[in-house]
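Hi,

Here is the structure I promised to hand over.

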Amino acid sequence: MESFPELKPSARILLGPGPSNVHPRVLKAMISPVVGHLDPDFSKLMDDIKRQLRIVFRTSNEITFPVSGTGSAAMEAAMANLIEDGDDAVIGVNGVFGGRLVEMAERLGAKVHKVEAEWGRVIELDRIEAALKAAMKPKVLAIVHAETSTGAYQPAIGEIARLAHDRGAMLILDAVTSLGCVPVEVDQWQVDICYSCTQKGIGAPPGLGPITFSERAMQAVRARKTRCRSWYLDVTNIEHYWGPERLYHHTAPISMNYALYEALRIVIEEGLEPRWARHLANARALQAGLVAMGLELTAQEGHRLPQLTAVRIPAGIDDAKVRNELLARFNMEIGAGLGPFKGKVWRIGLMGESSRRENVMLVLNALEEILGSMGIEIARGRALSAADLAYAQHAPNTDKPR
């Protein structure tokens, strides 16, 4: 019989668009004994996770839980529970994930009205308002808060929600790359459905998709003329499993929920405001260092994500060769570009556990060394000096507590 070697994955410094590094406490939680998905101990954990998620989403929504699937499953849950055949859906598209929302809406039978912006730029309010008016009776407005493919940070979510509600539409907010890294204020902004993932700002492994539905959204879900097209993602079924009845729906991934529980404990212990400040301070230092190195940031100035920076690859430099060198020589992963940015940008993530001052200095030093060896004229040490100056000017605590 064929034999296979023991599993020994390398421990990497994960500075790409996700997953991010995982705290040892979270890994330890995952080896806790597995119990049944209807066990009283797991039921208590489910209640605690819902309370934790409400804190992190900044909401009092009763229907708040982790979808048993990645962030893309949570995205599909948000769309599938609201959209029916023929519904008008206005969708912001300024990168890959806005495009994914469009594809999901079209598969669900929606008439899609795209509000597009150049990759790397945010979507302007007047264009959103015009699209909502053109749609006549929009059911949904969906927009990406933090566009992972470009590093663009969409502003004015509260105002976008107001525009949607004025036209009778529900706002769906993609917070896959924003939750746990920058402010996400579900109740204050009056977001109807907001979803995220576990492997970025939350700091757990991939596998769950936190989501929250407002009461207004649930009223719309319950008033559907047709059943949700997805049995697995139908929130009117799932709510009875995550609610006090604990009616069997599916076998929840027990160990992944252990991981989420511990990761959320860490987020809450640190505090949301200090956590947001840490991400911002590390981003300012990273971006200052990249600019000092002579590299160009691709996202719109004034609207750049603190947790993910897209940087243009210098002319004549092989994208994959640099990333392979980072992996081989520095044990470090950064992300490649997607879509029109493929081969043109790198995406450097500083999310959750990975958002640390030591990682900022490591990646700047590594890029200086590799690009310098490939013929790019770089004054060695300039990037690190610029990062140090940014820390001196702005930094609170830039390392996550151990």
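**Salt bridges and one asparagine**

R51 forms a salt bridge with D48, with 2.2 Å between the closest N and O atoms. A salt bridge here is a side-chain nitrogen of Lys or Arg within 4 Å of a carboxyl oxygen of Asp or Glu.

Before the rest, the ground rules. This is a predicted model, in which local features need pLDDT of at least 70 and side-chain atom pairs count only at pLDDT 80 or more, while totals for chains, interfaces and linings use all residues. Residues are numbered from 1 along each chain as its sequence is written, and side-chain values use heavy atoms, with hydrogens and water left out.

Back to the first pair. R51 and D48 sit three residues apart in helix α2 (residues 40-57), so about one helical turn separates them. Helices (H or I, at least four residues) and strands (E, at least two) are DSSP runs, numbered from the N terminus. R51 is partly exposed, at 47% relative accessibility. D48 is buried, at 13%. The classes are buried under 20% relative accessible area, exposed over 50%, and partly exposed in between (1.4 Å probe, protein chains only).

- E103 and R107 form a salt bridge, closest N and O atoms 2.8 Å apart. Both lie in helix α4 (residues 96-107), four residues apart, about one turn of the helix. E103 is partly exposed at 41%, and R107 is exposed at 64%.
- R162 and D166 meet through their side chains in a salt bridge of 2.7 Å, N to O. They are four residues apart in helix α6 (residues 157-166), so about one helical turn lies between them. R162 is partly exposed at 39%, and D166 is exposed at 54%.

There is also a network. Salt bridges link R25, E262, R265 and E269. By the same rule, the count comes to 29 salt bridges.

Now the loop residue. Where is N61 found? It is in the loop between α2 and β2 (63-67). N61 is buried, at 9% relative accessibility. Its side chain makes a polar contact with the side chain of T212, at 2.9 Å. A polar contact is a pair of N or O atoms within 3.5 Å; within protein, one must be able to donate a hydrogen and the other to accept it, and residues adjacent in sequence count only if both atoms are side-chain atoms. Leaving aside neighbours within four places in sequence, N61 is in contact (heavy atoms within 4.5 Å) with R54, V186, D187, T212, F213, S214 and E215.

Best wishes
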